[in-house]
There are 2 protein chains.
Amino acid sequence: MQSELRKQLLDAFTNAGESYLSGQRLAELVGCSRTAVWKHIEELRKEGFELEAVRKKGYRIVKTPEKLTADEIMLGLTTCFIGKNIHYEESVESTQKIAHQLAAKNVPEGTVVIADEQRSGRGRMNRNWHSPKYTGIWMSLILRPNIPLSKAPQLTLLTAVAIVQAIEEITGITAEIKWPNDVLIQGRKITGILTELQAEADRIHSIIIGIGINVNQKKEDFPRELQEKASSLLIEKGTPVSRAEMIRSIFKHFEKLYLLYLDKGFFPIKLLWESYAISIGKILKARTLTEVIEGKALGITEEGVLKIEDASGTIHHVYSADIEL
Amino acid sequence: MQSELRKQLLDAFTNAGESYLSGQRLAELVGCSRTAVWKHIEELRKEGFELEAVRKKGYRIVKTPEKLTADEIMLGLTTCFIGKNIHYEESVESTQKIAHQLAAKNVPEGTVVIADEQRSGRGRMNRNWHSPKYTGIWMSLILRPNIPLSKAPQLTLLTAVAIVQAIEEITGITAEIKWPNDVLIQGRKITGILTELQAEADRIHSIIIGIGINVNQKKEDFPRELQEKASSLLIEKGTPVSRAEMIRSIFKHFEKLYLLYLDKGFFPIKLLWESYAISIGKILKARTLTEVIEGKALGITEEGVLKIEDASGTIHHVYSADIEL
């Protein structure tokens, strides 16, 4: 199917919501014959869309395919630039890798790479990220903010806030943030965020935010060593969650927060972040590459750096670490 | 020629300095027959090395080829890790591009990409950098310091100091630094530095320092629009300069400064930098992406950020700008 016609057709169904659209009306809206509309609807069915057809009323979409498609995500997307340009792939090595290549080619800000499976998904510090097919959200978002390098960690924190808000909207569950880049429910990891840069020493070319969210995995779908540490929205909520709906919600919350950030700076984001953070005010251990710092987490600085006060009263600024509560 | 034998042979000539080495001695040093030595010496001659052969004394190298080779640079290199792994190419699009690819493959720290020509060399802000064949030094150095992102600009400043010291050693000329990344002689640009990063928000994977030095260009070799702004070591000194010697000197000074930096931090580098900087204490205009700041340059911060005091007494912190004196 020509992508422009398909897009127009899906847009028409989005705008119609629960209402039915007749073949005649669809033909008018997309500017082609009723026969062409009928042919396109058959193609959508082949791709896994379920369309209900009611005599004298017309068509409406009742179920979108299990496989994510850019179209399905676009269907009902309300953002201005985040997620307006989607590169979908069924299976990739890593969405970050593709996003890095696209970023170097100057794709528009807000472009997203989404895959149904990552064969070698990565987390922070080059760790593996388990990304099995059809069950999670594995995506990378390309941004081009005009901010100094030192502020890049703020965008990890902003992303965590957007994800907590999206989880709340879609599932009603209140998640928590563990500095710097984890989103947890009941102490188990639901989401990891990996923020990478293409930059000159004094200028950011692109920030590439990798987001991995466990959505519809059952407990037994996780490797044994992750079963106690990780969870999914399905496990926590008890019912499956639409990945497309979740993605749209993340895009919406992210765009709102990002525009706020570009306009007002990090301060309003910091307040939101602190309201969701579990580590602040608690005694914890921070393992950096070179040392272990134990003490009370006082909060984060304007630049997103964690402040820890040790037993001697010394305040440490921690840029990068693993946290144990 | 097998690269290991060639390396051993060139090492032997390096160690011998001005002395002659007999065929017998060379055969012993590299562990092969005199016939093999003779064959290898013929191959070096074909590649442009000039070897003097004196009866009863032996051989010594009197001239290295115009074309740079990794071997020639290695010949006499005194560093421990900077430049010990050289990727030489006769002609490339950009040494930065190749260095980025190598950096992603975890080559050792200190690996350098050197080309005799760049077909589309780049400077800051994606500007062109004119890099004609055989006349300049076009190279990219891969580093992996464990420093926060905000400190990356310090390495641009450190590199500028190393280049000023190398120019002084090789030509006797005292060059000057213009913040952030230019080295000038008599107000004309000799060197540009482009520092790029591969990083996570809280951790640097690699810093890739691109260095372009105009060495043996004549005035008429520069495009007309650059003739008043740019110069070369040949123009300033009056005689040609060995690029290999200049590269070795940069590696030597760079390594010394870099080890000092990793050990003692930026402060000793900052003092050196300020002693060579022309802009400090002067009235200047800084054009950033969003505004023009006019005022007196007070100095640089611990992080390499330029401080400018405007007429109203307000102090501006400039992360990235073009400077007009």
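Student: How far apart are the end C-alpha atoms of residues 71-262 of chain A, and what makes up the span?

Tutor: The end C-alpha atoms lie 29 Å apart. The span is 31% helix and 25% strand. Helices (H or I, at least four residues) and strands (E, at least two) are DSSP runs, numbered from the N terminus. This is a predicted model, where local features need pLDDT of at least 70, side-chain atom pairs count only at pLDDT 80 or more, and totals for chains, interfaces and linings use all residues. Residues are numbered from 1 along each chain as its sequence is written, chains are lettered from A and ligands numbered from 1 in the order in which they are written, and side-chain values use heavy atoms, leaving out hydrogens and water.

Student: What name does UniProt give to residues 71-262 of chain A?

Tutor: The unreviewed UniProt entry lists them as "domain: BPL/LPL catalytic". UniProt positions are in the numbering used here, feature names are shortened, and annotations may be inferred rather than shown by experiment.

Student: Which residues of chain A does the annotation "DNA-binding region" cover?

Tutor: In the unreviewed UniProt entry, that label covers residues 23-42 of chain A. The end C-alpha atoms of residues 23-42 lie 12 Å apart. This span is 85% helix and 0% strand.

Student: Which domains does the assignment give for chain A?

Tutor: Domain 1 (3-63), domain 2 (70-276) and domain 3 (283-324). The bounds come from an automatic or database domain assignment. The C-alpha centres of domain 1 and domain 2 of chain A lie 31 Å apart.

Student: Why is A:Thr95 called buried?

Tutor: Buried means under 20% relative accessible area, exposed means over 50%, and partly exposed is in between (1.4 Å probe, protein chains only). A:Thr95 has 2% relative accessibility, so it counts as buried. A:Thr95 is in helix H5 (residues 95-104) of chain A.

Student: What makes the pair A:Thr95 and A:Ser140 a polar contact?

Tutor: Start with the rule. A polar contact is a pair of N or O atoms within 3.5 Å; within protein, one must be able to donate a hydrogen and the other to accept it, and residues adjacent in sequence count only if both atoms are side-chain atoms. The side chains of A:Thr95 and A:Ser140 make such a contact at 2.7 Å.

Student: Which residues does A:Thr95 touch?

Tutor: Contact means heavy atoms within 4.5 Å. Not counting residues up to four places away in sequence, the residues touched by A:Thr95 include A:Val113, A:Ile114, A:Trp138 and A:Met139.

Student: How do you know that A:Lys56 is exposed?

Tutor: The relative accessible area of A:Lys56 is 79%, therefore it is exposed. A:Lys56 sits in the loop between strand E1 (50-54) and strand E2 (58-63) of chain A. Its phi is positive, about 70°, although A:Lys56 is not a glycine.

Student: Is A:Gln186 buried or exposed?

Tutor: Exposed, because its relative accessible area is 65%. A:Gln186 lies in the loop between E7 and strand E8 (188-200) of chain A. Phi of A:Gln186 is near 50°, a positive value in a residue other than glycine.

Student: What is the omega of the peptide bond that joins A:Trp179 and A:Pro180?

Tutor: About -5°, and the bond is cis. A:Pro180 is in the loop between strand E6 (176-178) and strand E7 (182-185) of chain A. In chain B, the bond from B:Trp179 to B:Pro180 is cis, with omega near -5°.

Student: How do you know that strand E10 and strand E11 of chain A pair?

Tutor: Two strands pair if DSSP finds at least two bridges between them. Five bridges join E10 (residues 283-287) to E11 (residues 292-300), and the strands run antiparallel. In this pair, A:Ile283 stands opposite A:Lys296 in E11(A).

Student: What is the order of the five strands in the open sheet of chain A?

Tutor: E13-E12-E11-E10-E14, with antiparallel pairing. Strand E13 (315-318) and strand E14 (322-324) of chain A are the edge strands, as each pairs on one side only. Neighbouring strands are turned by 45° against each other on average, direction ignored. Axes here are lines fitted to C-alpha atoms, for helices over the stretch in contact, and angles run from 0 to 180 degrees between N-to-C directions.

Student: How many bridges join strand E1 and strand E2 of chain B?

Tutor: Five, between antiparallel strands E1 (residues 50-54) and E2 (residues 58-63) of chain B. B:Val54 stands opposite B:Gly58 in E2(B). The hairpin has three residues between its strands, and there B:Lys56 takes a positive phi near 70°.
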